[in-house]
Amino acid sequence: QINVLQAKKKFEILDAMLSFMHAQYTFFQQGYSLLHELDPYMKKLATELDQLVIDSAVEKREMEHKHALIQQRTLLQDFSYDDSKVEFNIDAPNGVVMEGYLFKRASNAFKTWNRRWFSIQNSQLVYQKKLKDVLTVVVEDLRLCTVKPCEDIERRFCFEVVSPTKSCMLQADSEKLRQAWIQAVQASIASAYRESPDSYYIE
């Protein structure tokens, strides 16, 4: 029986290997047949893919061109304002050193931005929701304040007016306007000190 088993091993193992090879051959042949039917579809997809790559490159160039134009337009707007619109006058007859629209960041939890008509007058920083509304005083005495530009913020052209009790974050429409407002506040502070330095220190 052992001799019979030894003899059967030789052809049974070979038969199993041959069956496995036939199975592999059939599997790959059927796979080739199925994929061969898909060959026209894959060629069509390859053509569409080439076109998509070209379209994407064209769209990217157009977007970069638009971005460059927007940046250039923004820079031109920043320096194209009429100087008369951004000048301040310390000795204005009506007492208004400078006025114009600014965005003000609210002090609530939402930190919303609202556009208000601001003005510097009588050593105070005030604003109105509308031109003929009652004045809301932001800073009662500019002599107790400081002003500084703010760069680390989500908006451009921002500056902050800081008083002993609170701070007010404001946004101008351009870099030129921001500089004008900062200079106007600084000039108003200096002017207020010149006008009544003695009485201020006594108080």
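Modeller: Helices (H or I, at least four residues) and strands (E, at least two) are DSSP runs, numbered from the N terminus. The model is predicted, so local features need pLDDT of at least 70 and side-chain atom pairs count only at pLDDT 80 or more, while totals for chains, interfaces and linings use all residues. Residues are numbered from 1 along each chain as its sequence is written, and side-chain values use heavy atoms, with hydrogens and water left out.

Colleague: How many salt bridges does a search of the whole structure find?

Modeller: Side chains of opposite charge can pair when their charged atoms come close. A salt bridge is a side-chain nitrogen of Lys or Arg within 4 Å of a carboxyl oxygen of Asp or Glu. The search finds six. One of them joins D39 and K43 at 3.4 Å, N to O.

Colleague: How far apart are D39 and K43 in helix α1?

Modeller: They are four residues apart, which means a separation of about one helical turn.

Colleague: Is K43 buried or exposed?

Modeller: Buried means under 20% relative accessible area, exposed over 50%, and partly exposed in between (1.4 Å probe, protein chains only). K43 is exposed at 53%, whereas D39 is partly exposed at 27%.

Colleague: Which parts of the chain does the pair R115 and D173 link?

Modeller: R115 and D173 form a salt bridge of 3.7 Å, N to O. This pair links distant parts of the chain, 58 residues apart: R115 lies in strand β2 (residues 113-121), and D173 in the loop between β7 (167-171) and α3 (175-195). R115 is partly exposed at 39%, and D173 is partly exposed at 33%.
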